[in-house]
Amino acid sequence: MTLNVELLESSFASVANQGTEFTTKFYAQLFADYPEVQPLFAGTQMEKQGMQLFQSLVFTVNNLRDLDTLVKALKGLGTRHVKYGVLPKHYPMVGSALLKTFEAKLGNGWTPDVQQAWTDAYGVVAQVMLEGADYSPEILNLP
Ligand code: HEM
């Protein structure tokens, strides 16, 4: 698959200066649609978490032309998510909330091509993160 780098960059540029609004909407959408993931964030400072999430989106878009760097970072991120209690089944939930957030924030800019570009990009990001994650039973059973 080839990612539509130019469309990802240009569409992200219209939300890049709205990080707080974006992540507030994203978590509200995620918890409304999938209340079962809320307990994973029980001890989380959501304001800081929002900034970190947004920074990782910025990093991803900024490194679409440097896939070695991007893949390395995303694998590490995926590795850390095992410890946060995140399971593979949670990735499509986050993807759905993320796409709905883009749709709401981009308005008329959310064209079918932009939707396709972000659907593809999230699929690749989730796949690479999961490649960095070890979900074998002995890992999950650790205290
Ligand atoms: C594209 C996918 C995702 C991205 C870019 C992302 C990004 C991040 C970032 C940057 C952090 C900060 C800590 C760190 O860097 O290790 C984080 C923490 C976290 N993420 Fe994600 N994440 C993704 C998917 C998910 C999914 C699918 C879930 C499950 C609902 C999830 C739940 C969490 C939790 C529970 C934390 C820890 C919060 C804490 O420190 O208390 N993330 N995520």
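Visitor: On what basis are residues and features counted here?
Guide: Residues are numbered from 1 along each chain as its sequence is written, and side-chain values use heavy atoms, with hydrogens and water left out. As the model is predicted, local features need pLDDT of at least 70, totals for chains, interfaces and linings use all residues, and side-chain atom pairs count only at pLDDT 80 or more.

Visitor: Which residues come nearest to the ligand?
Guide: A residue is near if one of its heavy atoms lies within 4 Å of the molecule. The ligand has 19 residues around it, and those that come nearest are T44, R80, H81, Y84 and V94.

Visitor: How far is a polar side-chain atom of Y84 from an oxygen atom of the ligand?
Guide: A polar contact is a pair of N or O atoms within 3.5 Å; within protein, one must be able to donate a hydrogen and the other to accept it, and residues adjacent in sequence count only if both atoms are side-chain atoms. H81 places a polar side-chain atom 2.8 Å from a ligand nitrogen atom. For Y84 and a ligand oxygen atom, the distance is 2.5 Å.

Visitor: What is the angle between the planes of Y27 and F41?
Guide: Rings of Phe, Tyr and Trp (its six-membered ring) pair if their centres lie within 6.5 Å; planes under 30 degrees apart count as stacked, over 60 as edge-to-face and the rest as tilted. The count comes to 10 aromatic pairs. Y27 and F41 are 5.7 Å apart centre to centre and edge-to-face, with an angle of 70 degrees.
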